[in-house]
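Please keep the sequence and the 3D view open while reading.

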Amino acid sequence: MRKSSIWAILLTTFFVGASIYTLYPSFVLYTKSSDEQRRITNEDPQIRKRIINLGLDLQGGMRLVLEVQRNKDNQSDDDLLDRAYTIVENRINGLGLTEPNIQKQGRDRLIVELPGLTDEKIAKEVLGSTAQLKFHILRSSADLEKAIRVIDKTLKNELVAKNENVQIDSAYDQSQEQQTVQRLLSGSEAQSVDTTKEEETSVDKFSDYLITVRGDIAVREKDKPAVMSVLARPDVVAALKTNGFSGSKFLWENKASTDPSSKLRYYNLYLVKSDEAMSGENIESAREEMSNNQFKANSPVVSLVFNSKGAREFEKVTARNIGERLAIVLDDFVYSAPTINEKIGMGRAQISGSFTLEEAKALAVVLQAGALPAPVEIVEERVIGPSLGYDSIEKASWATLIGLILVSLFMIYRYKMSGIIAITGVLLNILFVLGIMAGLSATLTLPGIAGIILLIGMAVDANVLIFERIKEELSMGKAPITAMEAGYTRAFRAIFDANITTVMVALILYNIGSGPVRGFALTMTIGILVSLYTALTFTKTVFRVVTASGKVKKLSI
């Protein structure tokens, strides 16, 4: 036996073993139920790097179309979409998804495909947030008390003006109102407010909408629209401005909290100074972690580290406002408002709130990636369920199996034992392609499966070219081993030229394409290279082993 044949046998054996080894985790995962798959990936997130990942069309996920909102200042900015693309790409990469796909569409739109993402809310928050992080100092309790009384008085005056028949004390019992607000702010009002009371009541005072929860002013979820309406009224805005609150504004907590006993949902409402104490543009890093605070132990938080400039600013702000509360505000929503107990050096801050770990991670991603150059709006969204993928996989599997059976029958009928050798090469071809894809953690898409089916035909075609050349040599009376060697030599140029040009096209597709197109190009490239090996090396080695003894007088071809 030739030395080259021994090396070819060893190499093929190695490829078979390596392919089975790399495919084993994929086999273990994808033969489980959906629930089992989720459990395994949650327990071992690194398994995603050892398996063939499925594309959006096979495993489901989200498809979003984002539109950049231009205004008169950036209407002619041609780079706006490119900058938005970069930020969105950074944010998605931070989510740790496998093979997400982002494409530009026209001048203002981005198409985002997120295979495997099931939390629709987190995707929207990460992609749509403009991420303007700012720090604001809260106004004092006395200021908040005064602001509430001003609003109450404004509403009372309007009620008197609208209904002259309503008998209202013209002197307006200010002392009584003041006592009500003071009880509210001191927390004693919370004891008198039945937080489980959900029936609609007629409210003609702003303070009646408010409750106190753990020392903060809050609003029941059902009352939030009414409160927002009151705060937006021109007469209320004007009254606040007249009474010294032109440099202040009300901000809401970013999400509703729930009272564990009554299950009542409410939003905290904060009065902050309009001018920001500092911005978050100098954030150097942001990451989620578990809090070690004694009051919120093991709850998710987001830790921020500022660069040297931000660290100096943060130290100055905390030094000037010891004893005050600092609101951490993202996109005009307050995430937390801790009290500054001392000057904080080293440029570190922490955002706490009622986060889940996934929400804290999403917030860290947004802060780390930076602000979008302009707001983006989700103009189209589509959730693709995994059932569509299962149907596609099942149909594609049947198509592959039927195609393989038909091709096998033809090859065996036409070329007898040589046909069996060719089909064995095709099976090895499929095994090697899937093994390499698993080793590279590549993504298999529906077009990728189509590429594998196409490869079956291309691999067989190479063998047909070789076998026909061998038959021509045999017809000229040559010995089997001589005819075999001549057949492979004569067919090599045609096979090589045809496959190399296809590889070049596939590489171009991979570079300029995206998503499923890249999946198809990758599968084609790997498959053609493997096909060249199996057609020109594996089958040739088998023929050489068979004819090496010189006892074979006739090839079964």
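## A covered strand

Strand 14 (residues 326–330) is mostly covered, with five of its five residues buried. Buried means under 20% relative accessible area, exposed means over 50%, and partly exposed lies in between (1.4 Å probe, protein chains only). Helices (H or I, at least four residues) and strands (E, at least two) are DSSP runs, numbered from the N terminus. The model is predicted: local features need pLDDT of at least 70 and side-chain atom pairs count only at pLDDT 80 or more, while totals for chains, interfaces and linings use all residues. Residues are numbered from 1 along each chain as its sequence is written, and side-chain values use heavy atoms, with hydrogens and water left out.

In a regular strand the side chains alternate between the two faces of the sheet. In strand 14, Leu 326, Ile 328 and Leu 330 are buried on one side, and Ala 327 and Val 329 are buried on the other.

## Partners of strand 14

Strand 14 pairs with strand 5 (residues 133–137) in the antiparallel sense, over five bridges. Two strands pair if DSSP finds at least two bridges between them. One of these bridges has Ile 137 and Leu 326 as partners.

Strand 14 is also joined to strand 15 (residues 333–336), by three bridges and again antiparallel. Here Val 329 has Val 334 as its bridge partner. The hairpin of strand 14 and strand 15 has two residues between the strands, and Asp 331 takes a positive phi near 50° in it.

Strand 2 (residues 61–68) and strand 17 run antiparallel and are joined by eight bridges; Glu 67 has Glu 377 in strand 17 as its bridge partner.

Met 62 lies in strand 2. Met 62 counts as buried because its relative accessibility is 1%. Contact means heavy atoms within 4.5 Å. Leaving aside neighbours within four places in sequence, the contacts of Met 62 include Leu 114, Ala 123 and Val 383. The C-alpha atoms of Met 62 and Leu 114 are separated by 5.1 Å, although the two are 52 residues apart along the chain.

Val 236 lies in helix 10 (residues 234–245) and is buried, at a relative accessible area of 1%. Beyond its neighbours within four places in sequence, Val 236 is in contact with Ile 151, Thr 154 and Val 230. Ser 531, in helix 16 (residues 516–547), counts as buried at 3% relative accessibility.

## The whole chain

The protein has 16 helices and 18 strands. Of its 557 residues, 43% count as buried.

The pLDDT, the predictor's confidence in each residue from 0 to 100, averages 80 for the protein, and 85% of the residues score at least 70. Over residues 188–202 the pLDDT is below 50, and this stretch has 18 contacts in the model beyond near neighbours in sequence.
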